[in-house]
Amino acid sequence: MSERSVSNTYAAMFALIDIQELWRRTRPTHTLSEGDKAELASLLATVRAALDAIEEEMR
Amino acid sequence: MTFSCGVPERMVEELYLNINPLQTAGKTHAETRKAIFSWIDGYAVCDACKGSLRTMDKPPIRAFLADVSAFLGMEDAMLTNGAREAKFAVIHSITEPGDWVVADGNAHYSTLVAAERNRVDVVRTATAGAPTYEVTPEHFAEALDTAEDARGTPPALAIVTHVDGSYGNVVDAAGIAKVCHDRGVPVLLNTAYSTGRMPVSGKELGVDFIACSAHKSWATGGGNAGILALSGAYRDRVLRYSVDNPVKPLETLGCSTRGSAVVALIAAFPYVRERVTHWDREVAHAQMIVKMLEDAGGFSILGTRPKRHDLIAMETPAYDEIAKTHKKRGYFLARDLKACGIVGIKPGRTKQFKFSSFGLTDDQARYLAETFIDIKDRYDTR
């Protein structure tokens, strides 16, 4: 494993913090606009890509 | 989820509209939480220490202090652990035991405790009393003149609460500073509820010191942080250094907020600098909420009118009537609000309470007012 995996861990955490911000912004109903949904999808993709990269290095 | 130590996770800011005045403007931005996450370890900020927190370039604390001095319209600044530590440092620097200081009638207890620890007496001004509790320059003039006549010496300092934490009154700080300066008394402005939320210029207000609370009003978390900004005239008296350890400022015992909170403050600063330019929107939200509640009946504002701050204190006889017969007594209100996704008022309070509308969107501000009214009407119609 390398520094790249550490960096990807941070990338995943930071994208999750951005998702946390989305919940904060839309409290208390969490009704998401189309823009919010697109942002959420993009952030989830970032998390997945970072985790995939860690998993790839582990193989 | 509960951590192994038994402390539960906290999801208050994600699940609810939190209207606790202590907390609304200390809520962190995502970029700040990322910075805290990276710098959370003890003494992490000291990786590239040059001997003093205030001269550190990595992270850029030295540059931040210069920027924040300019932002506050002052000539220098130092980090503290909070507004109370900033007030203590000023009192400690410019008074002697046995001196006296004057403070407004709405002063926070930490102002009084800071003076007590310095062994100086505090003379409080009067206020206008209920329902406005206003403090004016005339109140300061009266307290200064009366107490000086009785004590034979002028006060060493005037401590002025810019916005009090009970009623959200914004005082005429410039007018009070003039009254104090006309009598040769320096002025410390406690801005725990103002700087970081609204534009404040020490130069325009004519004050000598500004005490700030970063965890209360500068969107800073990860620990406690504050700022003491000062005019150049007092730099040498307050920002003095140890004889034996000449890089260590005495009033902060060398270094103050030496953890992730200072990085959080630096990370929050661009966001804070931008948000104070929207203060008119915050005031508009507060005024809208007050109008909706008073128009509905059973609610009455405490503090000065028109409302000029997000901290709103209300007398609520409508809720108090409901509490007399409700099986939950006064606790019904906090319970019903929580069921609607709103937290932050003290459970059991129905005669009067305070809340803050800071940081709400237009829709959230309207939802808050409508929910207060809906709860009142829910029981009125039974």
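Throughout this briefing, buried means under 20% relative accessible area, exposed means over 50%, and partly exposed sits in between (1.4 Å probe, protein chains only). K178(B), for instance, is exposed, with a relative accessible area of 53%.

What you're looking at is a predicted model, where local features need pLDDT of at least 70, side-chain atom pairs count only at pLDDT 80 or more, and totals for chains, interfaces and linings use all residues. Residues are numbered from 1 along each chain as its sequence is written, chains are lettered from A and ligands numbered from 1 in the order in which they are written, and side-chain values use heavy atoms, with hydrogens and water left out.

**Where the two chains meet**

- Let's start with the contact (heavy atoms within 4.5 Å): chain B brings 19 residues to it and chain A brings 13 residues.
- About 1,600 Å² is buried between chain B and chain A, 54% of it on carbon and sulfur atoms. Buried area here is the accessible area (1.4 Å probe) that two parts lose on being put together, summed over both.
- Three residues stand out: E14(B), K34(B) and F37(B) supply 38% of the area that chain B buries against chain A, more than any other three residues.
- There are 10 residue pairs in polar contact between chain B and chain A, both residues at pLDDT 80 or more. A polar contact is a pair of N or O atoms within 3.5 Å; within protein, one must be able to donate a hydrogen and the other to accept it, and residues adjacent in sequence count only if both atoms are side-chain atoms.
- On chain B, the elements α1 (12-15), β1 (17-18), α2 (30-38) and α15 (362-380) each supply at least two residues of the side that touches chain A. Helices (H or I, at least four residues) and strands (E, at least two) are DSSP runs, numbered from the N terminus.
- The biggest giver to that side of chain B is α2(B), with five residues.
- Sorted by class, the side of chain B that touches chain A has eight nonpolar, six polar and five charged residues. Ala, Val, Leu, Ile, Met, Phe, Trp, Tyr, Cys and Pro count as nonpolar, Asp, Glu, Lys and Arg as charged, and the others, Gly among them, as polar.

**Salt bridges**

- A salt bridge is a side-chain nitrogen of Lys or Arg within 4 Å of a carboxyl oxygen of Asp or Glu, and the whole structure has 25 of them over all chains.
- Four salt bridges run between chain B and chain A. One pair across the two chains is R33(B) with E21(A), whose closest N and O atoms are 2.7 Å apart.
- Within chain A, R25(A) and D36(A) pair up at 2.8 Å, N to O. This links distant parts of the chain, with R25(A) in helix α1 (residues 3-25) and D36(A) in helix α2 (residues 34-58), 11 residues apart.
- R25(A) is partly exposed at a relative accessible area of 40%, while D36(A) is buried at 11%.
- In chain B, E13(B) and R10(B) meet at 3.3 Å, N to O. E13(B) is buried at 6% relative accessibility, and R10(B) is partly exposed at 49%.

**Helix α7 of chain B**

- D182(B) forms a salt bridge with K178(B), the closest N and O atoms being 2.9 Å apart. The two are four residues apart in helix α7 (residues 173-182) of chain B, so about one helical turn separates them.
- D182(B) is exposed, at 54% relative accessibility.
- The buried residues of α7(B) are A173(B), G175(B), I176(B), A177(B), V179(B) and C180(B).
- Their cover includes α6 (137-151), β5, β6 and α8 (202-205) of chain B.
- After α7(B) comes G184(B), with a positive phi near 75 degrees.

**Helix α5 of chain B**

- In helix α5 (residues 109-117) of chain B, S110(B), T111(B), A114(B) and A115(B) are buried. They lie on the same side of α5(B) because they cover an arc of only 140 degrees around the axis, taken from the directions from the helix axis to the C-beta atoms.
- On the other side of α5(B), E116(B) and R117(B) are exposed.
- The buried residues of α5(B) pack against α4 (83-94), β3 (100-103), β4 (121-124), β5 (157-161) and β6 (187-190) of chain B.
- Just past α5(B), R119(B) has a positive phi of about 60 degrees.
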